[in-house]
Amino acid sequence: MFLLADPTILFCQLLPLALGIFVSLGSWLFGNLHQNKLLLKLDMEEKALAGTPNPVSNLSNPSQARQVDSSSLVMESISVGPSWWQMFTGGIKGLFGGKIHSYDKMLTYGRRVVIHRLRVQAIQSGFDEVINLRVETSMISKKSKNDDKTAAYEFTAYGTAIRYSASQD
């Protein structure tokens with residue numbers, strides 16, 4: 001029970017609660033600002049490639065009936081970590097089950113980045129298309145004693161890059 005007689009005691013009683021609220025709101029605010037900044041940068045990079053063809057697909061066969069000159073495995077990877085706020089809300093949601101919406105922005109960002117980087121790599125290497133695209137998502141966790149904490153998610157995109165012959169047969 002809060003005593004109103006001594007302001008020092010009241011301050012000491014309310015300080016942990018105020019710090020908890022401040023840290024939580026700060027994590028939410030700065031985490032969202034940082035993630036929005038990363039998404040805007042990715043949007044600009046994707047728009048810069050808007051005029052070029054998108055050579056990346058999940059087709060298992062080449063899209064053109066032309067002679068294949070060369071092929072190669074192309075791969076990109078990124079690790080993305082959730083903010084403290086996302087881990088906190090994800091932990092609470094994990095107790096009750098269901099979809100953890102706080103991770104959606106981070107997961108979407110990770111997938112978009114690896115596919116975009118794979119596309120840029122294929123274009124810069126002179127490949128005409130990348131087929132059989134696969135995106136793998138792995139959870140990297142830190143386990144200590146009985147405590148299992150999610151530290152990051154790793155996204156790996158890979159596919160077969162194809163360069164067609166210059167002459168059409």
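Ile 21 sits in helix H1, which covers residues 7-48. This is a predicted model, so please hear every value as computed from it. At 44% relative accessibility, Ile 21 counts as partly exposed, because that class lies between under 20% for buried and over 50% for exposed.

Ile 21 also belongs to a nonpolar patch on the surface.

Now the protein chain as a whole. Its secondary structure comes to three helices and three strands. Starting at the N terminus, the order of elements is α-β-α-α-β-β. The radius of gyration is 24 Å, whereas the globule rule gives 15 Å for 169 residues, so the protein chain is more spread out than a compact globule. For the dimensions, take the principal axes: the C-alpha atoms fill a box of roughly 95 × 35 × 25 Å.

Next, burial and surface. How many of the 169 residues count as buried, as a percentage? The figure is 26%. The accessible surface of the protein chain is about 11500 Å², and carbon and sulfur atoms account for 60% of that surface.

Last, contacts. Take the contacts between residues at least 6 apart in sequence: 77% of them join residues at least 24 apart.

Notes. Residues numbered from 1 in each chain as written. Predicted model: local features only at pLDDT ≥ 70, side-chain atom pairs only at ≥ 80, totals over all residues. Heavy atoms only, no water. Patch = residues over 30% accessible without salt bridge, like charges linked within 9 Å, V, L, I, M, F, W, Y side chains within 5 Å. Areas by Shrake-Rupley, 256 points an atom, 1.4 Å probe, with all protein chains shown as cover. Salt bridge = Lys/Arg side-chain N within 4 Å of Asp/Glu carboxyl O. Helix = DSSP H or I, 4+ residues; strand = E, 2+ residues; numbered from the N terminus. Buried < 20%, exposed > 50% of the residue type's maximum accessible area, 1.4 Å probe, protein only. Rg over C-alpha atoms; globule rule 2.2 N^0.38 Å. Contact = heavy atoms within 4.5 Å.
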